[in-house]
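Subject: Structure handover

Hello,

Here is the structure I promised to pass on. Please open it beside this message, and read my notes below as you look.

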2 protein chains.
Amino acid sequence: MSDSATPPAFEHDVPGPVPVLPPPLAETAPAPRRTPAEEARALVASTNVATLGTHSSDGYPWASLVAYGSLDDGAPVLFVSRLAEHARNLESDGRASLVVADPNPRKDVLASGRVTLAGTAERPSEELAQTARDAYVAAVPSGKAYLDFRDFSLWVLRVERVRWVGGYGRMDTVDAASYTAAETDPVARAAGAAKAHLNDDHADALLAMAQALGGYPDATAATCTSIDRYGLDLDLDTPRGPTATRIGFAEPVTAADGLRAATVELARRARGT
Amino acid sequence: MSDSATPPAFEHDVPGPVPVLPPPLAETAPAPRRTPAEEARALVASTNVATLGTHSSDGYPWASLVAYGSLDDGAPVLFVSRLAEHARNLESDGRASLVVADPNPRKDVLASGRVTLAGTAERPSEELAQTARDAYVAAVPSGKAYLDFRDFSLWVLRVERVRWVGGYGRMDTVDAASYTAAETDPVARAAGAAKAHLNDDHADALLAMAQALGGYPDATAATCTSIDRYGLDLDLDTPRGPTATRIGFAEPVTAADGLRAATVELARRARGT
């Protein structure tokens with residue numbers, strides 16, 4: 001945190017001292033993170049349900065639930081019925097935003113990731129329509145049931161501005177080119193189940209990682225709060241108070257089924273076996 | 001479904017015949033449902049996280065994640081930081097909407113409930129501010145940590161238009177007066193855990209209810225998909241195909257801790273004990 005009298009614009013304006021988390025007691029290896037653009041792409045790839053913002057005819061910014069898929073460049077694909085207000089709104093004004101929230105949030109949802117993609121929704125060209133339709137159904141299998149309903153129409157959101165929030169104090173703006181160019185995390189879809197499995201069945205391994213690799217030899221409990229291709233985030237209890245650390249994998253994971261080997265390697269290293 | 005050639009505006013435009021669910025084989029007692037206004041109030045009371053739609057300064061309808069509480073009349077209370085775009089948006093244009101989605105959705109989220117509340121966000125009067133603040137913290141306990149941050153401001157959304165969607169084919173528009181006047185379901189917060197408990201531990205009782213009280217003596221499996229003060233909804237397997245039924249409680253439940261007794265009474269009645 002800054003110690004200047006006037007807090008910079010990206011910090012909360014807090015009366016009195018800011019609480020400080022217990023620092024690590026040991027040096028740790030660097031633990032790289034996803035870039036904000038990669039975080040945005042990972043969130044979009046992690047689920048198939050989001051909230052759409054459109055302009056309603058009576059002047060409200062209209063928020064409504066939608067299912068979505070996405071093209072290879074991260075552009076969301078919507079398939080909406082004219083029975084729904086958002087479809088009629090898009091027909092008269094294509095400006096829209098889509099917020100995707102972490103489908104496996106922490107207990108305090110505001111500490112979890114979410115991203116807003118703002119842009120312009122367009123009906124895809126005939127050339128693109130089949131690709132967009134396939135992307136929608138790949139993400140939303142139940143969409144097959146209404147694929148031929150004549151009141152439904154297909155839309156692609158051309159992303160123009162991205163705002164990512166990773167939780168308290170972690171946020172960034174991402175330009176459209178960086179969003180489009182960023183690689184999707186191959187473990188985005190599998191991360192939720194992997195996190196639950198580690199916490200349910202391998203709390204001892206997580207604690208060993210925190211103690212041996214995470215800089216907190218005094219940790220007494222460790223909970224995985226997120227996992228991605230580069231490593232995992234742990235919430236820790238210590239006698240000095242609660243804190244958090246991050247542990248990087250030996251190598252970035254390159255496929256969804258690579259998470260298990262990467263975490264087993266960390267657990268072995270932590271236990272010196 | 002209508003059998004007229006031109007489908008009415010509230011039905012999907014489906015090519016070919018519409019699939020028909022197997023009908024009940026026995027008469028059943030009436031099973032009342034919440035009104036659309038009550039459904040809307042129940043959704044708002046069921047969670048503390050929603051998506052807000054605001055007008056961004058560059059013209060996008062801006063969707064973003066927020067925590068919220070609500071006043072006794074169902075008006076949502078927001079407490080937002082100027083570091084977030086939505087707070088700056090509200091300062092220049094109070095028109096907003098809030099979408100609340102069922103926090104315990106079905107596997108197909110589009111089959112689950114959600115509601116959009118559109119209205120105008122206002123800074124509460126000094127008189128109302130403490131009530132609004134208390135309502136926020138009651139719903140969002142972690143809000144205590146930032147209650148005194150000077151970059152945060154309190155807003156009350158004056159609801160002007162409500163659109164409720166209960167799932168496929170269940171939806172309605174609710175006017176502001178009906179929304180405000182509707183009673184909150186006392187079991188709204190407890191429903192998610194109650195549903196999970198019934199499905200995990202009492203599948204046999206649910207099946208007995210479907211067979212003896214729900215009109216489907218040929219049901220082979222029953223899953224509770226929602227529960228409210230008036231009764232419960234069941235998805236069923238039958239040799240004639242999948243279907244659904246609803247079973248009303250003997251009396252509406254009047255307090256959160258009344259769900260257990262009401263479902264035990266149904267189970268006993270179903271088994272004739």
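Among contacts in chain A between residues at least 6 apart in sequence, those that join residues at least 24 apart make up 63%. Please keep in mind that this is a predicted model.

Chain A, overall. Chain A has 273 residues, and 44% of them are buried. Its secondary structure consists of seven helices and 10 strands.

Domains of chain A. The domain assignment lists domain 1 (37-181) and domain 2 (188-271). Their C-alpha centres are 31 Å apart. Six residues of domain 1 and seven residues of domain 2 make the contact. On the domain 1 side, three of the residues are nonpolar, two are polar and one is charged.

Helix α7 of chain A. This helix covers residues 259-271. Does its length agree with its residue count, or disagree? With 13 residues at 1.5 Å a residue, it should span 18 Å. The end C-alpha atoms lie 19 Å apart, which agrees.

The buried residues of α7(A) include A:Leu259, A:Ala262, A:Thr263 and A:Leu266. Looking down the helix axis, the buried residues fall within an arc of 95 degrees, so they line one face. A:Arg260, A:Val264 and A:Arg268 are exposed on the other side. What covers the buried residues? The cover includes α5 (191-201), α6 (203-212), β8 (221-228) and β10 (243-248) of chain A. After the helix comes A:Gly272. Its phi is positive, near 65 degrees.

Helix α5 of chain B. Now turn to chain B, where α5 runs over residues 191-201. Here B:Ala191, B:Ala194 and B:Leu198 are buried. Seen down the axis of α5(B), the buried residues fall within an arc of 65 degrees, so they line one face of the helix. On the other side, B:Ala193, B:Ala196, B:Asp200 and B:Asp201 are exposed. The buried residues pack against α1 (36-46), α6 (203-212), β8 and α7 (259-271) of chain B.

One bridge pairs B:Ala222 with B:Leu236 of β9(B). The link between β8(B) and β9(B) is a hairpin of two residues.

Where the chains meet. How many residues of chain B are in contact with chain A? The count is 41, and they touch 41 residues of chain A. On the chain B side, the elements that give two or more residues are β1 (49-55), β2 (61-70), β4 (95-101) and β5 (114-122). By class, that side of chain B has 21 nonpolar, 11 polar and nine charged residues.

For a first look, I would start with α7(A) and its buried face. Then go to α5(B), whose buried residues also line one face. Finish with the side of chain B that touches chain A.

Best wishes

Notes
Residues numbered from 1 in each chain as written. Chains lettered and ligands numbered in written order. Predicted model: local features only at pLDDT ≥ 70, side-chain atom pairs only at ≥ 80, totals over all residues. Contact = placed C-beta atoms within 7 Å. Helix = DSSP H or I, 4+ residues; strand = E, 2+ residues; numbered from the N terminus. Nonpolar A, V, L, I, M, F, W, Y, C, P; charged D, E, K, R; others polar. Buried ≥ 20, exposed ≤ 12 C-beta atoms within 10 Å, placed from the backbone. Pairing = 2+ DSSP bridges. Domains from an automatic or database assignment. Expected span 1.5 Å × (residues − 1). Arc of directions from axis to C-beta.
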